[in-house]
Amino acid sequence: MQGRSVFLSMTRSAGAQMLDTYLQILVSGLAMGAIYTLTAKGLFIAHLATHKLNFGQGDFLMVGAFLSMSMILAGIPVLLTALLVLIAMGLLGWGLERFAIRPLDRFGLGAGGGTYSWILTTAGVALILQNIAELVWGKSSHYSPPLFSEGRDNVIEIAGINLFAEEIFVIGFATVVVVFFYYMLFRSRWGRAVYAVAFNPEAAMLLGIDVRRTVVLVFVLASLLAGISGILIGPLITIHPHIGLTFTIKALAVAAIGGFSNPIGILIGGLLFGVTEAFSNYFDSAFGDLYPLIFVLIFLAFRPSGLYGEARADVR
């Protein structure tokens with residue numbers, strides 16, 4: 001009987017440890033899913049207002065991560081670092097619209113055979129950013145210091161489960177940003193202007209909406225979301241000049257799950273993608289990043305419009 005009690009105790013202990021491990025993986029997946037959601041929402045807002053995408057969105061994230069890392073290592077306080085990074089990213093978003101998007105409309109490339117010329121210009125900006133990052137920070141991987149904890153492995157205990165402090169912070173802060181984004185899009189005057197421009201730019205202009213300024217602010221906001229993602233992602237992964245393409249592809253996959261028409265669908269898609277990726281890497285680290293993308297391809301084969309089909313969810 002005593003041996004059986006010891007065996008049951010060991011079994012419960014092993015089960016509890018496995019549960020703790022799964023919960024830690026779940027939290028890690030939610031943290032990465034929050035980053036994917038913020039990045040995908042940058043794609044969503046640009047597509048909503050202009051029917052264009054920034055194929056350098058992930059590289060904007062990469063620039064934000066490197067700038068944040070460099071400033072923190074230089075001893076600049078975290079809050080001031082975040083402010084400076086967001087200012088730089090806002091200027092970068094303005095420059096993207098001004099020099100890579102607007103000229104296409106000016107020269108009549110926004111229609112006809114040049115409808116998708118913005119793919120080349122935004123991808124070109126991404127390549128330029130990658131090369132600049134290589135010149136400044138080199139090709140090797142870098143570790144960004146934690147934002148608010150003493151070390152990368154600092155943990156906090158919640159209900160007997162040890163979780164990384166940075167991951168908890170990322171989930172919480174990203175949630176606040178998503179809620180604020182939702183409010184701005186559906187409850188503010190600017191959000192109504194974005195939907196008016198998306199529905200009909202000419203009619204919006206007749207209603208007194210500054211279409212050009214609205215479009216500029218859309219790309220600035222998308223760039224700010226990438227910058228926030230870069231600041232948050234630094235302490236979670238190693239960063240190098242070529243992580244941008246990976247994040248762009250994953251953000252596109254997340255936006256496709258949501259259907260490019262509903263921010264709630266993108267949030268659900270981002271969290272699902274992040275959790276799936278975390279568990280995939282746990283069970284098969286060699287191909288862990290591949291399985292979530294295969295899942296997205298299978299999902300889109302059966303539901304090409306995503307979770308929220310545009311015909312039902314897009315108010316345009």
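Predicted model: local features only at pLDDT ≥ 70, side-chain atom pairs only at ≥ 80, totals over all residues.
**The whole chain.** The protein chain has twelve helices and two strands. From the N terminus on, the elements run α-α-α-α-β-β-α-α-α-α-α-α-α-α. Of the 316 residues, 47% count as buried.

**Histidine 51.** Select next the loop between helix 1 (2-50) and helix 2 (57-73), where histidine 51 is found. Histidine 51 has a positive phi of about 60 degrees, although it is not a glycine. Most residues other than glycine have a negative phi. With a relative accessible area of 45%, histidine 51 is partly exposed.

**Helices 9 and 10.** Display residues 243-258, which form helix 9, together with residues 263-283, which form helix 10. The two helices pack at an angle of about 130 degrees, and their axes are 7 Å apart. Helix 9 and helix 10 are therefore oblique to each other. Their crossing is right-handed.

**Lysine 250 and its partners.** Glutamate 277 lies in helix 10 and lysine 250 in helix 9, so the pair ties together parts that are 27 residues apart in sequence. Glutamate 277 is buried, with a relative accessible area of 6%, and lysine 250 is buried as well, at 8%.

Aspartate 289 lies in the loop between helix 10 and helix 11, so its pairing with lysine 250 in helix 9 ties together parts that are 39 residues apart in sequence. Aspartate 289 counts as partly exposed, at 41% relative accessibility.

**The glutamate 97 network.** Salt bridges that share partners also join Glu97, Arg102 and Arg212 into one network. Select glutamate 97 and arginine 102 within this group: they form a salt bridge whose closest N and O atoms are 3.0 Å apart. Both glutamate 97 and arginine 102 are buried. The count for the model comes to four salt bridges.

**The nonpolar patch.** Finally, switch to a surface display and select Phe287, Leu290, Tyr291, Ile294, Ile298 and Phe302, which form a nonpolar patch on the surface. Together these residues have about 630 Å² of accessible area. Isoleucine 298, one of the patch residues, lies in helix 11 (residues 290-302). Isoleucine 298 is partly exposed, with a relative accessible area of 48%.

Definitions and conventions:
Residues numbered from 1 in each chain as written. Heavy atoms only, no water. Patch = residues over 30% accessible without salt bridge, like charges linked within 9 Å, V, L, I, M, F, W, Y side chains within 5 Å. Areas by Shrake-Rupley, 256 points an atom, 1.4 Å probe, with all protein chains shown as cover. Salt bridge = Lys/Arg side-chain N within 4 Å of Asp/Glu carboxyl O. Helix = DSSP H or I, 4+ residues; strand = E, 2+ residues; numbered from the N terminus. Buried < 20%, exposed > 50% of the residue type's maximum accessible area, 1.4 Å probe, protein only. Axes fitted to C-alpha atoms, helices over the stretch in contact; angles between N-to-C directions. Parallel < 35°, antiparallel > 145°, perpendicular 65-115°, else oblique. Left-handed = near helix turned anticlockwise from the far one by under 90°.
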